[in-house]
Amino acid sequence: FEDLCVQYRGIPLPREGYSEDLKFFEEFNFKDDDILIVTYPKSGTTWMQEVLTLVLNGGDLTPFQTIPSWQRVPWVEIKSMVEHVEQLKSPRPLSTHFPCNLMPSSFLTSKAKVIYVLRNPKDVLVSSYYFHHMAVFLEDPGTLDEFIEKFLKGRVIFGKWTDHVKSWKCAELGDRILFITYEEMIQDLPAGVRRVSNFVGRNLSEEVIQKVADNCSFKSMKDNKMSNYSTVPKETLDFDKSPFMRKGIAGDWKNHFTSEQQALFTSAIRKELEGESFTLPWSL
Ligand code: PPS
C-alpha cells in the first residue's frame, strides 16, 4: 500500500496522478462562479460530472459526446489536469476527492459552489472493492473482510469515509453547498437534475430536464465512451477484471456483506460519527 500511495497531509493518495508536492493545487485560484463537485471516491462522481455538464450546456449533447468527462470537469488536485482547467470557460465545472480541510485557502475566501454527492458507505465500499481489482495502480484489495478492515481504518486512498463526510458537513458553507445523494438520483433522476439546475441558477424546462436525465441513465452512460472510461489504456484500467460502470444500483452491499460484516461495519461507522451534529440521510 505504501509503495502505491503518496501521503499528503495525513491522507494516502494514489501515486498514479498524484505527488506529495501539491504546490500548484495549494495556489489554485478559485473563482466566485466555480462549481465544484466533491465526492469520496466511488460515490457518483462521474454521474454528477455528466449531469452538471448537460445542465450547464442547457441539454446540448456535443461536449458530452465528444470530450472525456475528466477533461470537461477536471480534478483540481491532479497536475496533469491543469491544462484542462485552463481551457474551461466560466462558470467552471470542477471536481475534487479532497476533504474540506485540505482545500486551498482561495476556496474558503471565494464564493465557489459545492455539489457534494453522498452515497451509502457500504455501496461505496463494494464499488471500491471492484475498482481495486480493475485499477492496475491500486493494491489488490484482498478478501472482502480484509478490505472492510482497511476501509474502516482509512488505509485506502483518500482516507476514512467518515472523515471526508465530517469535513464537508461541518464546513459551514451555508447555501454554497448542495448535499445530494446517489440514492435519491437512483430513485428519481429528473428530480435530482432539477435540484442541481436550480442550485447552479439554470432554469431548465421540464423537457430539457428529462433529456438530461435520459442521457445520464446508467445504460446511456455505460454506452458513452466519453463517460465510461473505456478510452483509458488497459495498463491503467483493466476492463477484463471489471467495468468502470459496473452495476449502478443502490443496495448492492446486500449481495456481498454477511450479517457479521454488516454489524461490524455499521457499529464502526456509527462510533466514528458519535456526537456529530448532522444526521446521515439513510439508516446504516
Ligand atoms: S470515481 O472513480 O471515484 O470517479 O468513481 P465514481 O464515478 O464516483 O463512482 C463510480 C460508481 O458510480 C456508478 N455510476 C452510476 N450509477 C448509476 N447511474 C449512473 N448513471 C452511474 N454512473 C456511474 C458506477 O457504476 C460505480 O458504481 P458501482 O456500484 O461500482 O456500479
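**Ligand surroundings, salt bridges and backbone features**

An oxygen atom of the ligand sits 3.2 Å from a polar backbone atom of S43, a polar contact being a pair of N or O atoms within 3.5 Å (within protein, one must be able to donate a hydrogen and the other to accept it, and residues adjacent in sequence count only if both atoms are side-chain atoms). The structure is a predicted model, in which local features need pLDDT of at least 70 and side-chain atom pairs count only at pLDDT 80 or more, while totals for chains, interfaces and linings use all residues. Residues are numbered from 1 along each chain as its sequence is written, and side-chain values use heavy atoms, with hydrogens and water left out.

T45 places a polar side-chain atom 2.5 Å from a ligand oxygen atom, and W47 has a polar side-chain atom 3.1 Å from a ligand nitrogen atom. Taken alone, the ligand exposes 640 Å², of which the protein buries 97%; accessible areas come from the Shrake-Rupley method with a 1.4 Å probe, and for residues only the protein chains shown count as cover. There are 20 residues around the ligand, and T45, T46, S127, Y182 and K247 come nearest (a residue is near a molecule or strand if one of its heavy atoms lies within 4 Å of it).

Charged pairs come next. Side chains of opposite charge can pair when their charged atoms come close. With a salt bridge taken as a side-chain nitrogen of Lys or Arg within 4 Å of a carboxyl oxygen of Asp or Glu, the count comes to 14 salt bridges. One of them joins the side chains of D34 and R92, at 2.8 Å from N to O. D34 lies in the loop between α1 (23-26) and β3 (35-39) and R92 in the loop between α5 (82-87) and β4 (93-96), so this pair ties together parts that are 58 residues apart in sequence. Helices (H or I, at least four residues) and strands (E, at least two) are DSSP runs, numbered from the N terminus. Both D34 and R92 are buried, where buried means under 20% relative accessible area, exposed over 50%, and partly exposed in between (1.4 Å probe, protein chains only).

A further salt bridge pairs K234 with D238, their closest N and O atoms being 3.7 Å apart. K234 is partly exposed, because its relative accessibility is 47%, whereas D238 counts as buried at 12%. These two residues belong to a network of salt bridges that also takes in D240 and K241.

N224, in the loop between α13 (218-223) and α14 (259-273), is buried, with 11% relative accessibility. A polar atom of the N224 side chain lies 3.2 Å from the backbone oxygen of F64, and the N224 side chain reaches the backbone nitrogen of M226 at 2.9 Å. Leaving aside residues up to four places away in sequence, N224 touches E50 and F64, contact meaning heavy atoms within 4.5 Å.

Finally, a few backbone features deserve a look. Most residues other than glycine have a negative phi, and most peptide bonds are trans. S90 and P91, however, are joined by a cis peptide bond with omega of about -5 degrees, and P91 lies in the loop between α5 and β4. E172, which is not a glycine, has a positive phi of about 50 degrees; E172 is exposed, with a relative accessible area of 76%. Y229 likewise has a positive phi, near 65 degrees, but Y229 is buried, at 10% relative accessible area.
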